[in-house]
Amino acid sequence: MSGQTPSQTVGPFFHDALFLDERTVLAGPEAVGQRIELTGVVTDGDGEPIPDAMLEIWQADGDGAFHPHVESGPVEGFCSFGRAPTDEAGRYAFTTVKPGGVPLSGGRMQAPHVNVHVFSRGLLIHAFTRVYFAGDSANESDPTLTSLPPEQAQTLLATSADGVRWTFDIRMQGEGETLFFEPGLDG
Amino acid sequence: MIDHLIQPPFIHPAYQSTVKRGPARPLKPLALGLSDVTGPVFGESTVDALDADLTRNAAKGGEVIGERIIVTGQLLDERGRPVRNALIEVWQANAAGRYIHKHDQHDAPLDPNFSGCGRFLTGPDGRYEFTTIRPGAYPWKNHANAWRPPHIHFSVFGRNFHSRLVTQMYFPGDPLLAFDPIYQGIPDEAARRRLISHYAHDVTQEGWALGYSFDIVLAGGLQTPFEDEHG
């Protein structure tokens with residue numbers, strides 16, 4: 001048994017503590033990449049919206065570079081970290097850029113993606129998933145997407161009509177349940 | 001990387017809201033790349049000294065009601081190395097067991113001088129310290145006569161995105177722990193006990209505040225030379 005400290009739920013009352021600063025805008029005027037809005041609705045096993053969830057995202061910029069530093073005040077360049085609540089309708093929204101691809105160890109290239117952590121009342125431990133972008137040519141050779149049955153891979157694809165507003169709904173459970181991952185050494 | 005003896009499951013029926021919210025399908029193992037050993041690094045500008053004193057950071061001319069406590073500890077990785085300059089955010093109910101959050105409407109008074117929110121960075125030795133008041137227990141609707149044991153919520157960032165931990169700190173000798181499905185959702189008893197703080201008489205300040213210690217151990221990322229990049 002490892003020495004890790006166990007997780008507990010974030011509960012329903014985190015907003016006053018965790019949203020003292022604005023963190024939904026990752027891309028400032030000098031960010032590299034196509035500016036996008038990434039938005040969607042988080043639902044439960046009955047398809048009901050989850051209005052008290054929190055999402056955190058971690059992604060590269062348009063060149064595939066990570067910008068880890070987080071400071072107070074508006075972002076001028078790019079910040080790889082974002083945090084957003086869901087609203088009464090279960091909706092979250094981030095202003096960011098479409099990321100460039102980043103490699104796996106060993107050099108295999110991954111398709112552009114955004115890493116997501118979901119926290120909420122009713123989750124004893126946060127859930128980890130990824131947003132990939134429908135229609136991106138790199139998806140066909142992405143090591144993760146290509147290892148999945150199509151109906152699971154489908155749950156990881158954000159869709160867009162204009163390349164600017166991307167929709168990624170998260171279904172925590174039930175029909176069309178989003179695929180969640182366990183990070184580790186082996187795929 | 002998730003130790004399933006220690007970490008709670010997604011669905012734990014005794015904690016009602018997990019039944020519809022926890023992912024039901026198996027997790028897919030995911031290989032991580034060099035980019036996954038990175039994570040957010042919070043700069044000095046993101047916190048100030050007053051953020052670590054919950055007895056003063058929301059005071060509006062009066063004193064916070066409750067037993068003053070000092071909570072201190074060390075943030076470590078699984079190899080026992082300190083995690084320095086890491087952001088910890090905390091929140092809690094007041095001494096009466098009431099949160100300032102608009103959705104907490106249970107019948108206990110608000111304290112006009114207390115928000116219950118704080119944040120701070122760990123030091124060069126991975127240590128942290130903050131001052132607050134001991135929170136009260138509070139009732140919730142999970143089951144009949146359900147009460148959450150007094151607790152402080154901790155949100156912790158480690159060296160990389162996958163070291164992330166959100167947890168709750170409890171107090172020693174609390175009879176409510178045996179009844180709490182959130183605490184009991186952790187499978188192993190020894191692992192559960194890691195969430196119980198220790199009374200620390202060496203931290204207690206005469207005439208001022210009682211001391212409690214609470215160390216936190218984060219899961220590691222990849223075992224690569226890049227792990228110490230932000231260390």
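Guide: Gladly, and we start with a definition: a charge sits over a ring if NZ of Lys or CZ of Arg is within 6 Å of the ring centre and within 35 degrees of the ring normal. This is a predicted model, where local features need pLDDT of at least 70 and side-chain atom pairs count only at pLDDT 80 or more, while totals for chains, interfaces and linings use all residues. Residues are numbered from 1 along each chain as its sequence is written, chains are lettered from A and ligands numbered from 1 in the order in which they are written, and side-chain values use heavy atoms, leaving out hydrogens and water.

Visitor: Over the face of which residue does Arg68(B) lie?

Guide: Here the ring centre is 3.6 Å away. The ring that Arg68(B) lies over belongs to Trp208(B).

Visitor: And how far is Arg164(B) from the ring centre of Phe157(B)?

Guide: Arg164(B) also lies over a ring face, that of Phe157(B). The distance to the ring centre is 3.8 Å.

Visitor: How many aromatic pairs does the structure hold over all chains?

Guide: Rings of Phe, Tyr and Trp (its six-membered ring) pair if their centres lie within 6.5 Å. Over all chains, the number of such pairs is 22.

Visitor: Are the rings of Phe120(B) and Phe130(B) stacked or edge-to-face?

Guide: Planes under 30 degrees apart count as stacked, over 60 as edge-to-face and the rest as tilted. Phe120(B) is in strand S5 and Phe130(B) in strand S6 of chain B, 10 residues apart; strands are DSSP runs of E, at least two residues long, numbered from the N terminus. With centres 5.0 Å apart and planes at 20°, the pair is therefore stacked.

Visitor: Is Phe130(B) buried or exposed?

Guide: Buried means under 20% relative accessible area, exposed over 50%, and partly exposed in between (1.4 Å probe, protein chains only). Phe120(B), at 5%, is buried. Phe130(B) has a relative accessibility of 1%, so it counts as buried.

Visitor: What kind of pair do Tyr128(B) and Phe154(B) make?

Guide: Tyr128(B) is in strand S6 and Phe154(B) in strand S9 of chain B, 26 residues apart. Their ring centres are 6.0 Å apart and their planes are at 70°, so the pair is edge-to-face.

Visitor: Is Asn145(B) buried or exposed?

Guide: Asn145(B) is in the loop between strands S7 and S8 of chain B, and its phi is near 55°, a positive value. Most residues other than glycine have a negative phi. At 69% relative accessibility, Asn145(B) is exposed.

Definitions and conventions: Helices (H or I, at least four residues) and strands (E, at least two) are DSSP runs, numbered from the N terminus.
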